[in-house]
Amino acid sequence: MPVVQELFSIGEVSARTGLSIDTLRFYERQGLFPPPRRSAGGRRGFSADDLAWIGICQRLRASGMPLPEIARYAELVRAGAGNEGERLTLLQRHEAAVRAQMAALQDALDLISTKVAAYSEAVSLGTAGDLFVRDDEDDAYFAARGVIGAHKPDPAS
C-alpha cells in the first residue's frame, strides 16, 4: 500500500513559514520551488519536503542571495545529479559575498559599540557637548583616555 503524504494548504504553509500567501505564489512563479501538487478542486498542496525546501529558500534569501540565483540553484537541484560542480560554484560565490558583508557589518558594529561606550561615558559625566563625528576626533578622544577605539585594531597586537 503506498504511503500517503500529508499535504498542507497554502494557508498552512504561510502560517508555518511566516511568508504571506502572495509571497509564496510569487516565489512559485519565480521558480524557487516547483509547482505544488493540486487537489481535484485545484487547491495547492505542499508536502513536508516542500516545507523544508521553502525553509532553505528563506535562509538563502535572508542571506541576501538574489531571487534569480536562488531560482538557478533550485533548478540545478531539481535537475538532479551531474551539476554538483555548478551548484558548488554558485554557493561558494554567495558564501564569499556573505562573509564580506559580515565583515563590513562587524566593522560597523565595532564602530557603533565604540560610539555607545563614548556616549554612555560622556552622558554620565555631563560632557556630551564635546562629542565627535570624525574618526580622527574619535582617536584623539580615546587616546586622551588611554583607550584604543574598538573599531580600530590595537597596533601593539
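The following dialogue explains how several terms apply to this predicted model.

Visitor: Why is His94 called buried?
Guide: Buried means under 20% relative accessible area, exposed means over 50%, and partly exposed lies in between (1.4 Å probe, protein chains only). His94 has a relative accessible area of 10%, so this residue counts as buried.

Visitor: Where is His94 found, and what does His94 touch?
Guide: His94 is found in helix H5; helices (H or I, at least four residues) and strands (E, at least two) are DSSP runs, numbered from the N terminus. Not counting residues up to four places away in sequence, His94 touches Leu60, Ser63, Gly64 and Met65, where contact means heavy atoms within 4.5 Å.

Visitor: Which residues are joined with Arg72 into one network?
Guide: Salt bridges that share partners join Arg72, Glu75 and Glu86. Glu75 and Arg72 meet at 2.9 Å, N to O; both lie in helix H4, three residues apart, about one turn of the helix.

Visitor: Why is Glu75 called partly exposed?
Guide: The relative accessibility of Glu75 is 44%, so Glu75 counts as partly exposed. Arg72, with a relative accessible area of 28%, is partly exposed, and so is Glu86, at 40%.

Visitor: How many salt bridges does the structure hold?
Guide: The structure holds five salt bridges. One of them brings together the side chains of Asp50 and Arg37 at 3.5 Å, N to O. This pair links Asp50 in helix H3 with Arg37 in strand E1 (residues 37-38), 13 residues apart.

Visitor: How do you know that the buried residues of H2 line one face of the helix?
Guide: The buried residues of H2 are Leu24, Tyr27 and Glu28. Seen down the axis of H2, they fall within an arc of 105 degrees, so they line one face; the arc is that of the directions from the helix axis to the C-beta atoms. On the other side of H2, Asp22 and Arg29 are exposed.

Visitor: What is called a nonpolar core, and how many residues has the largest?
Guide: A nonpolar core is a set of buried Ala, Val, Leu, Ile, Met, Phe, Trp, Tyr and Cys residues joined through side-chain atoms within 4.5 Å. The largest has 21 residues, and Val13 and Leu24 are among those with the most contacts inside it. Helices H1 (10-17), H2 (21-30), H3 (48-62) and H4 (67-79) each give two or more residues to this core.

Methods
Residues numbered from 1 in each chain as written. Predicted model: local features only at pLDDT ≥ 70, side-chain atom pairs only at ≥ 80, totals over all residues. Heavy atoms only, no water. Salt bridge = Lys/Arg side-chain N within 4 Å of Asp/Glu carboxyl O.
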